[in-house]
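Colleague: Please take me through the terms used to describe this model, setting each value against its definition.

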Amino acid sequence: MAGPVAAVAFGMVLRRRRTEALLTQEQLAERAGLSVRTVRDLERGRVRFPRTGSLRMLAEVLGIEGAERVEFESLGRRDYWAERAASTAREVPEVLAPGHRAPAQLPADVSGFTGRAENVRTLDELLAAADPAAANIVVLSGAPGVGKTALAVHWAHGVRQRFPGGQLYLNLLGHSGARPLSPMDALTRLLRGLDVVPDRVPTDVAEASALLRSTLADTRTLILLDDAGNADQVRPLLPGGSGCLVLVTSRSSLRGLVARNGAAQLTVQAMAPDDSNALLTRLLGPAEPDAVAELARLCGHLPLALRIAAANILGGDRDVAAFVERLRSGNRLAELAVPADTDAMVRAAFDLSYEALPGAARRLFRVMAIAPGRDVTGATAAALLGSSVEDGLGLLEQLAGAHLVEQPVAGRFEQADLLRLYAGERLTSEDTEQERAVAWRRLLAHYLAALDAAARLLYSDVLRLPVDPSAAVSFADHREALAWIDAEMPALQTAVLRAADAGPARAAWQLADALHGYLQLRGSVLQWWLVASAGLGAAESAGDPTGQAASHLSMARMYTRQDRYADAVHHAELALALSSATGWTECVAASHRVLGNIHRLSGDTESAGVHLEQALALADPADRAGAASIINNIATVNHELGRLEAAATRYSHVLELLDESGATTVIAQVRTDLGDALNGLGRHDEALWHIEKALQVHRELADRAQEGYDLRTMAEAHRDAGRLQQASELAERAVTIAAEVDDVRLHGQACETVGTVLLAGGRFEEAMPQFEDALKMATACGNKYALAQAHIGRSGVYLARGDVVQAVASAEKAVDIAERVGFLVPEGQGRIAAAVARLAAGQKKEALAMAESAVATHAMTGYSRGRTQAEQALEAAKRAAVAVVRQGTAWGTS
C-alpha cells in the first residue's frame, strides 16, 4: 500500500482512538508533547510515516497497551502495509450505507444478439481458468464499431450469477469525443455503485483507489469498464487480491495492462460473414441472399455499420439491391468496402444517414457534439441551435427516426460514442470556430438561466451572483426544478470543468456559484469540492475578486458540512475580505452569516451572535428570503442559549416574512426549528404539526439529512408528551438515516434522543451505549450542546445503577460544559441531574443548592419539561432538608 494511503489509514485509527479517549486534538497534542498542527496533520493523513518517538508518546497518552500498542505503533512503519494489508482494511471505518445491496449495473443485453460464438467460448475458458484468489483482468480490444461493448455486455449477463458480489458497469469515455472520465471521477462512480456514502469518498486518487480495493476485498464482483482510453485510466480502478473479474473494452490494445497487470487479451474482429448475413436478415426480414451478403461485405461486417445501413434501407424504399448499388456507386461508399480502414467504413455509413437529413436536423446532429453531457433534451437542443424548444424537440425526433440518436429515457436523447465522434468531425469541418463558440455560450447561458430559476424555488436564501435575465427559464414547482438539476448534474459538472479549462472562465465560476445551494442541499462533498474548486480556480486565474468571493463562500459552507471549522473559517474570511474590498455588500452580509453559523456550530455563541447581527444589519431589505434566513439563524442562537420564547417568536416572524414567497426549503427548515422550540415550551401537538409539514417537503426533495433531523425532533416531542413507543420508532429511524448519509452531528443527536427515550422507559442498561455513542460523535464534530446532553444521559444511567459518584460527576461535567458556552437548557438539566444524584448520595445541602439553581435557570429558559423536573427536584431536596432539621431537633431535646 502506498505511503499516502497508509497515512490515511493511520489517521483514521488515531482519530478513533482519540475520540474514544474523549480528548480534543489540543488536549492530545499537549499531553503527547506535540503541536496541534502535527496531530491534525496525522489525523488527516498528511504525514506519511510518523516518527517512532511520536508514535510511542501517542500510545502512552491514549492508554494503548500490550498487543494493541504494538499494532498501533506498527501502523507508522514503512513496511507494515505490505505485511498487513488484509488487517489494515479492517481498520478502515464502515463506509457502506446500512442495508446496502449488491450492485446490478449491467446495461440491458443487446436485443437479438447474433454470432460471436467463438468469442463467447474464449471468455468462458478464461473465466474457468481464472485464479479465485486474484483479481482477473480481460481486455476486449478492437476497431471502432466492431461490437466490443455488445459482446462484453452479452457475455456478462450470461455469467452474472457466478458473481454474488454484484456487477458494476462504467463507461470511461476513452474514445467518446467527450472528456474521458478522470480516475477520480471513475472511482467516485464505482464507489457510489457499491453504496459507499458520498461524504466518505476521498478526494485523493490513491486514497479512493485504496477504498475501492478495501470495499471489494473478499467479494466476487464483475466489473465492466467500457471504452478505456489507456492503461493509466484503468489501473486505479482495479481491485486487489480477490475473486473479482474486470472486463475492459477499448479501441487500444492496452498492452501495459497485459505486461504489468497480467491481463488476458482478446481481440474482437469483424463479424464472420455468416453472422453478418444473419444479423441483416433479422433486421431487414426476408431479402435476396446475394444482395444481403454483398451489403454485409460493403459494411465491413461491422455491427454498427450493418445496423445503420439496415435503418437507411427500412427508412427508404426497402430495396436492398438498390441500396447496395448506391454503396458501389461513389468513392465514399467504395471506402466502406475496405476492411482494413474501419474508421472510413463507419464514417461512410454515417455519411449516408447524415446526408439524408434536412439541413436543420444536420445542424443539430453536429452541435450535439458540443453538449457536455451524455444526453440532450429539447431545451438543450434549442439552446445549442438558438431555436424554440418545440423545434429542438422535433429535430431530435427526426434524428431518432434515422437511428442517429437514441432515446433511453423519455425526452432525453443521446448519441452513441462513434456517432458523437463523427458529429464532432462534421462540426469542425462545416462550422466556423466562431459559430461553435456561439453555440457553446448559448448552452452555458441556458444552464445558468435554468439554475437561477431552480434556485429561486429551492434555495432562494443562498446568495447568488447576478444572472442575465434575457434567457428566462421557468419550472412549475420545486419538484420539477430539483428533478431537472438531478438529471442535468453530470452535464453541469462537466460544463464547469470545461469552462474552467477552455473558457469562457466567467461561466465556470457563475455556474459553480449557481450550483452552490444545490450542492449544499444534496450534501455530496466530493462533487461540491470539484465544482467549487474549479470555479475558484477560474476566478483566480481571471483575477476576478467577485467570482473569488462567491467561490470562497461556497467552499466555506462545504467545509462546514464536514465539521472542518478551521478550513471553513479560512474561506469565509477570504470571502468577507474580497467582498468588502469590492463593495459587494450582499456578499459581506452572507460571509458574516456563514461565519456566524460556523461559530455557532463550534460552540462560540458570542461570536456567532456578533456575526449574525452584522449580517442582518447589512442584509438587503428586498431580499426577504435572505433576511429571513439570517433572522432564523439568530433565532437558532437564541434557541441554543435557552431563550425558547424569544426563539419561537423569531421563528414565527420568519414564517410571516416568507409567507407566499415560494421559498419552500427555507420555510421547511424554519418549521423544523420552530417545532423544536415549541416542544421545549410544552406545546407538543403544535410542534408536531410544524415538523410534519417540514418532513413532507424534505422527503419530496430527497433531503435525507434534514429528514433525519425532522424525525429526531418529532421523537423528542412524542417523548415529552409521554408517547414513548412512537418516540422510540422515530428516533431509531433518525439514527438509521444519519448512518446512511454519514452525518456525524445528526447521528450523535439521534443516539442521545434514543437514550433518553430508553431511560424514560426504565431501560437504562440499553440506554448507556446510546449515550456513549452520542458522546463520541459529539466530541468528534465539536458539538458542545450534544456533549453536555450526553453527559446528562450518562448521569441518569449511573444513578439508576446506584453509582452516585459517577452520576454526580457526569451531571456536573454537563453543567461545566454548558455553563462555559452559555447553553441554559443543558445547564439546567445538568443541575437537575446533579441535585438528584447528590440527594441520593445523602448530600442534602448540596442537592438543595443545585435544585434551586436549576429552578432559577429554567425560569429563564421556559423549558417546560425542565421546569417541572427542577421543581420536583427542589421539592424533594426541601423535604429531605426538613427531615434533617426535625431529626436534629429531636436529638437536641433527648
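**Terms and their grounds**

Modeller: Leaving out residues up to four places away in sequence, Glu294 touches Val324 and Arg328, where contact means heavy atoms within 4.5 Å. The model is predicted, so local features need pLDDT of at least 70 and side-chain atom pairs count only at pLDDT 80 or more, while totals for chains, interfaces and linings use all residues. Residues are numbered from 1 along each chain as its sequence is written, and side-chain values use heavy atoms, without hydrogens and water.

Colleague: Why does Glu294 count as buried?

Modeller: Buried means under 20% relative accessible area, exposed over 50%, and partly exposed in between (1.4 Å probe, protein chains only). Glu294 has 16% relative accessibility and therefore counts as buried. The residue lies in helix 15 (residues 289–298); helices (H or I, at least four residues) and strands (E, at least two) are DSSP runs, numbered from the N terminus.

Colleague: Is Leu23 buried or exposed, and where is Leu23 found?

Modeller: Leu23 is in the loop between helix 1 (3–20) and helix 2 (25–32). Its relative accessibility is 4%, so Leu23 counts as buried. Apart from neighbours within four places in sequence, Leu23 contacts Arg18, Leu28, Arg31, Val61, Leu62 and Thr779.

Colleague: Is Asp218 buried or exposed, and what is its phi?

Modeller: With a relative accessible area of 76%, Asp218 is exposed. Its phi is near 60 degrees, a positive value in a residue other than glycine. Asp218 lies in the loop between helix 11 (205–216) and strand 3 (221–228).

Colleague: How do you know that the length of helix 35 agrees with its number of residues?

Modeller: The expected span of a helix is 1.5 Å times one less than its number of residues. For the 17 residues of helix 35 (residues 664–680) this should give 24 Å, and the end C-alpha atoms are 25 Å apart, which agrees. Helix 35 is mostly covered, with 14 of its 17 residues buried. Gly682, whose phi is positive and near 90 degrees, follows helix 35.

Colleague: What makes helix 37 roughly parallel to helix 39?

Modeller: The axes of helix 37 (residues 704–720) and helix 39 (residues 744–760) come within 10 Å and cross at roughly 20 degrees. That angle makes helix 37 roughly parallel to helix 39. Axes are lines fitted to C-alpha atoms, for helices over the stretch in contact, and angles run from 0 to 180 degrees between N-to-C directions. Angles under 35 degrees count as roughly parallel, over 145 as roughly antiparallel, 65 to 115 as roughly perpendicular and the rest as oblique.

Colleague: Which hand is the crossing of helix 37 and helix 39?

Modeller: The crossing is left-handed: the near helix is turned anticlockwise from the far one by less than a right angle, whereas clockwise would be right-handed.

Colleague: Why are helix 39 and helix 41 called roughly parallel?

Modeller: The axes of helix 39 and helix 41 (residues 784–801) come within 10 Å and cross at roughly 25 degrees. The two helices are therefore roughly parallel to each other. Helix 39 passes helix 41 in a left-handed crossing. Gln749, Glu752 and Leu759 in helix 39 meet Ala786, Gln789, Ala790, Gly793, Gly796 and Val797 in helix 41.
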